[in-house]
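Hi,

Here is the structure I promised to pass on. Have a look at it first, then read my notes below.

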Amino acid sequence: VLQGPNMQWQPFFSGFVPDAIWFGYIKVCISLSLILGSFAAPRILRKMPDERMAINLCQMIIGLSLVVSVLTSWLPSVFIFFMIHEVARGAFRPIADAYMHDTIDKKGRATIESFQSLANHGGGVAGLLFSGFLGLHFGISWSWGVCGGILVCSSLILIKRNKK
């Protein structure tokens, strides 16, 4: 689902920035935001020891910030919410890895990690095709809104399921 924003940010921001040189600055901010998220992950886990809830919170922030970024047309707001999405993406993987390492034994973890890698690549292809189709036929903003909505809805379902 996240392949659209990962691959479509340049055409999305081209409607906001006056010159292509801005893409370099945006890419630097994306990289710094991902790093910030990975540094924030241990702090998030200290404040929220339930790793499943932290994973869902990251997904919720990713989805909501995508939706908000396409609902606004003021560049600073679009940029800030897109970077919030990137920070949450940066925190997601370390938190998910911590959960896996805390709940799955060493022997089973290698199998899960192999399957996870395969699923990530297959899911990435499917997500790219899905978001590309939506972007081509309905627009990038619409594609991002749908992707963000899917993340928010799936997070809510998982949160409700985990409470039982």
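Predicted model: local features only at pLDDT ≥ 70, side-chain atom pairs only at ≥ 80, totals over all residues.

Let's start with a term: a residue is buried when its relative accessible area is under 20%, exposed when it is over 50%, and partly exposed in between (1.4 Å probe, protein chains only). Residues are numbered from 1 along each chain as its sequence is written, and side-chain values use heavy atoms, with hydrogens and water left out.

Now helix H1, residues 3-14. (Helices are DSSP runs of H or I with at least four residues, numbered from the N terminus.) Its buried residues are Gly4, Pro5, Gln8, Trp9, Phe12 and Phe13. They sit on the same side of H1, because they cover an arc of only 160 degrees around the axis; the arc is taken from the directions from the helix axis to the C-beta atoms. Among the helices that cover them are H2, H3 (51-71), H4 (75-103), H5 (106-138) and H6 (140-163).

How do helices pack? Two packed helices are described by the angle between their axes and the distance between the axes. Here, axes are lines fitted to C-alpha atoms, for helices over the stretch in contact, and angles run from 0 to 180 degrees between N-to-C directions.

First pair: H1 and H2 (residues 22-47) pack at about 135 degrees, with axes 11 Å apart. That makes H1 oblique to H2 (under 35 degrees is roughly parallel, over 145 roughly antiparallel, 65 to 115 roughly perpendicular, and the rest oblique). On the H1 side, Trp9, Gln10, Phe13 and Ser14 meet Phe23, Ile26, Lys27 and Ile30 of H2, where contact means heavy atoms within 4.5 Å. By class, that contact has 5 nonpolar, 2 polar and 1 charged residues (Ala, Val, Leu, Ile, Met, Phe, Trp, Tyr, Cys and Pro are nonpolar, Asp, Glu, Lys and Arg charged, and the others, Gly among them, polar).

Gln3, Gly4, Met7 and Gln8 of H1 touch Gly124, Gly127, Leu128, Ser131, Gly132 and Gly135 of H5. This contact has 2 nonpolar, 8 polar and no charged residues.

Leaving out residues up to four places away in sequence, serine 69 touches Phe12, Val78, Phe81, Phe82 and Trp144.

Cheers

Terms used. Helix = DSSP H or I, 4+ residues; strand = E, 2+ residues; numbered from the N terminus.
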